[in-house]
Amino acid sequence: MSDFTVAQPRPLPARPTKFRRATEESPLTRVTLILLTVGGLALLVFAPLLVVFAEAMADGWATSVASLGNREAWSAIRLTLLITAMAVPMNAVFGIAAAWFITKFDFRGKAFLITLIDLPFSVSPVVAGLCLVLLFGANSMLGGWLVAHGYPIVFAVPGIVLATVFVTFPFVARELIPVMIEQGRTEEEAALTLGASGWRTFRTVTLPNIRWALLYGTLLCTARAMGEFGAVSVVSGKIRGQTATMPITIEMMYNEYLSVAAFSMAALLTALALITLTLKTVMELRLSDQLSATRRH
Amino acid sequence: MLTKIAITNSAIAGRGTFAAMLHCSLPVVAIALMAATGAPGVARAQSLLNVSYDPTRELYRDINTAFTEKWVADGHDAASIETSHGGSGAQARAVIDGLGAQVVTLALASDIDKIAEAGKLPEDWQSKLPHNSSPYTSTIVFLVREGNPKGINDWGDLTQEGVEVITPNPKTSGGARWNYLAAWAWAEKNGKDPKEFLGQLFTHVPVLDTGARGATTTFAQRGIGDVLLAWENEAYLALEEIGDDQFDIVVPSVSILAEPPVAIVDANIADDAQRELATAYLDYLYTPEGQALAFKHFYRAWDESAAAPEDVARFPKLDLVTIDELGGWKKVQPEHFGDGGIFDQIYTAK
Amino acid sequence: MAMLSIVVLLPIGALLLQGAQFGLGNIWDTVNRERVWAALFLSFKLAFFAALFNLIFGVLLAWVLVRYRFPGKRLIDAAVDLPFALPTAVAGIALTALYAPNGVLGSLAAQIGWKIAYTQWGIFLALVFVGLPFVTRTVQPVVEEIETEVEEVSATLGASRFYTMRHVILPMLTPAALTGFALALARAVGEYGSVIFIAGNIPLKTEIAPLLIVIQLEEFNYDAAGAIGIAMLVISFAMLLSINLIQIFSRRRIGHV
């Protein structure tokens, strides 16, 4: 046998050879994927957005801003925010409840129920609006009764809220379901066995697990609630300054050959959507702090 | 008793609910829904909802201002006029389904006929006001590219080889029905088989937009087609927006008298005071001042006495066929544009 | 569940009731016409391809956004939702402006003889646009939750990266990706606002089914509009149901839950 010598630590190379972690793709794949997706998004999303902003600025900043400074525009902005503020919480609460029900219990006809939740997407927005008019319009039994008692639904704010809730209905639930399926229910069962109450289990076990999905679902829901046109246009009545949401006002202005005003408002709507996205980023940063604190058990 | 403005019951209630929403979320929603419904119309007496079509927004903005000033000057309390704009047919449907319009000002008499069929106003509404209840009219003209490179001067030129025509779909656009009927009228007057002529014409249409505005964009901004069939007032609006150095307006030898009618929706009138306001509002459209505003917004109105001369002078005289000469809307609508009607046959007949 | 029934089932029930009054025979007569079939076929075909494109693109995008770091990532992440916020008509107008023969990208395509706007390609493009966020946003949370330990285990056991991707990661993403696919498909089938600007709307060629509904409504023909609406509803319901069933079965097979 050879002499026992203390193995000298090998001198470190001047520039350590970069070892690829086993959980990463090769740099080439990464760059290709990044370029591919960024390029695709540029063609599909950024280019149209640029067009919108360019059209809005066609006559310069001042004209564009001035076109938004009237009562009509303001009431449209207010209305859209109000509708979103009403529709999104409703859908969030419903979404959590539905996803919980679907993933934590076993029952027959599950696929059927999920498909029911999906239905609002497959109905053309125009038809969705038509459905609401058929149900609540002055010529239907229910609608006639409500109108007679002083609560018109269609052609008033409640109708717009209902239409918005309808078209954004599936978002939260459908975001949550896959995540909750992925996680199974063992953690909840453990918590319950350890004596936690149902509410506590939900708050401390389920909610942290689904927060990402909840966040994305709410974001999608918000964006769509603000931008919805088809269904809302059928039930809104389009009264300037009263029941005209931002998308409807945009269409009206466009049809009036006021394209600067129309595109300015569209740009503003996009900007509003970006605010919710900024919120998301802030939340993400906060969450990831928590995450690094809790993730590595 | 006649209180001031009734603007936006819902918007005012809405602001309150919005604040409430920020504090606590869900239980409020139900209440908010109720609150936002708008308190049952107490203060409605002196407000009016005019349900109109695109693009009359600018016209009625001016009319509303001028009218409410005159109304107050005549010793009445202030009134608020709200307007709603959209496709003529969709607007008519909204009124049928309960949109509380006291006044409708739509693009086609047949749309108001539908509201009458639903029992909201008398069948003979069109005889209540002068000129078939149409305070202003328009016609169909051609918009061609600067200098008219394809030499398009009349309907017959549209079916020449290599000419592309842009018109919206008559099935979805009220305005496009006038386009179609104007072409029909020309063919009848010039001894052609109108059905065959229209069949040929639509083979020259590469894009059928759903609305007049979409068609204008396709023609003007996308550079598709050699000629756009458009309402005269919209053609002028388009020139104003896009620049009159790029396009010319060509007036054909024969066109149609497009009559956008107005009417009071009796079923939605709350009381006599509101009826008085609605009647005065529609009558105002026929006054020299109202007519002058219509001229200013590129409509052919009837009374030139108060209109600016240059607003009147821009309209060349031409042979205008009325819808009654073609049999009236009650006959024309189902025959040409109904399901399986002549327009559908153009596309389905092989 | 009460809310499901009030918000979703009641309105759809009203539609079905309308259809029931009209009669099944009449519905069939309305739908069973060359032009309606052509429109339905076109709508579903293009919606399917658009959703398929979104499926692949969306999974890639979700992966890239969660796992990679690169400049401008936040911006890209933010942009994913924008197709929803932009009213569909505005999106349609903007897309047409780009891809029309005189548009920036349309003129490039025209040079190689590729017409985009006013053809089926244009419709495809609009449908991809409106469905873009779905797959990305359903897959993204799942990727966020995947613990890298799983991949490390796979790698230590000697699996190549590709093998890990194919046999470990993808199965985990499948339920979410399929959900996104189903939603994008459903949305694309019903899309109206953005498509009409870019489609050309020529009967039998580029006429989509939702346009036919609008046409019937313009004629105040609620029955026929409802009939086409119901036909679309039934077909999409069947498609969605089968996707959801496949999902549930595949899950059983793999052994999740």
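This is a predicted model: local features need pLDDT of at least 70, side-chain atom pairs count only at pLDDT 80 or more; totals for chains, interfaces and linings use all residues.
**Entry 1: chain B as a whole**

What percentage of the contacts in chain B with a separation of 6 or more comes from residues 24 or more positions apart? I looked it up, and the share is 72%. Here two residues are in contact if their C-beta atoms, placed from the backbone, lie within 7 Å.

Residues are numbered from 1 along each chain as its sequence is written, while chains are lettered from A and ligands numbered from 1 in the order in which they are written.

I found 15 helices and 11 strands in chain B. Both kinds of element are DSSP runs numbered from the N terminus: helices are H or I with at least four residues, and strands are E with at least two. Of the 350 residues of chain B, 52% count as buried. Buried means that 20 or more other C-beta atoms lie within 10 Å of the residue's own; exposed means 12 or fewer, and partly exposed is in between, with C-beta atoms placed from the backbone.

**Entry 2: one strand of chain B**

I then picked strand β8 (residues 254–258) of chain B, and found that five of its five residues are buried. Which strands does it pair with? I used the rule that two strands pair if DSSP finds at least two bridges between them.

- Strand β4 (residues 136–145) of chain B runs antiparallel to β8(B), and two bridges join them. B:L257 in β8(B) has B:T139 opposite.
- Strand β11 (residues 319–321) of chain B runs parallel to β8(B), with three bridges between them. B:L320 in β11(B) is the bridge partner of B:S255.

**Entry 3: the two domains of chain B**

Chain B is divided into domain 1 (9–136 + 260–313) and domain 2 (138–258 + 318–348); such bounds come from an automatic or database domain assignment. Their contact takes 17 residues from domain 1 of chain B and 16 residues from domain 2 of chain B. On the side of domain 1 that touches domain 2, the elements giving two or more residues are α4 (88–96) and α5 (109–117) of chain B. The largest share of that side, four residues, comes from α5(B). By class, I counted eight nonpolar, five polar and four charged residues there. Ala, Val, Leu, Ile, Met, Phe, Trp, Tyr, Cys and Pro count as nonpolar, Asp, Glu, Lys and Arg as charged, and the others, Gly among them, as polar.

**Entry 4: the largest nonpolar core**

Next I looked for nonpolar cores, meaning sets of buried Ala, Val, Leu, Ile, Met, Phe, Trp, Tyr and Cys residues joined through C-beta atoms within 7 Å. The largest has 283 residues, and A:L176 and B:V104 have the most contacts inside it. Helix α3 (residues 71–104) of chain A gives the most to this core, with 15 residues. Domain 1 and domain 2 of chain B both give residues to the core, so it lies between them. I also listed the partners of A:L176, leaving aside neighbours within four places in sequence; among them are A:G95, A:I96, A:A99 and A:I210.

**Entry 5: chain A meets chain C**

How many residues of chain A are in contact with chain C? I found 78, and they meet 80 residues of chain C. Helix α1 (residues 27–56) of chain A gives the most to this side of chain A, with 16 residues. The side has 58 nonpolar, 11 polar and nine charged residues.

I followed one glycine, A:G227, which is in helix α10 (residues 198–227) of chain A. A:G227 is buried, with 32 other C-beta atoms within 10 Å. Not counting residues up to four places away in sequence, A:G227 touches residues of both chains, including A:P247, A:L269, C:F84 and C:P87.

**Entry 6: chain C**

Chain C has 13 helices and zero strands. Its C-alpha trace spans about 65 × 50 × 30 Å along its principal axes. Of its 257 residues, 55% are buried.

Why is helix α12 (residues 209–218) of chain C largely enclosed by the rest of the structure? I checked, and it is because 10 of its 10 residues are buried. Among the buried residues are C:P210, C:Q216 and C:E218. Just after α12(C), I noted that C:F220 takes a positive phi of about 60°.
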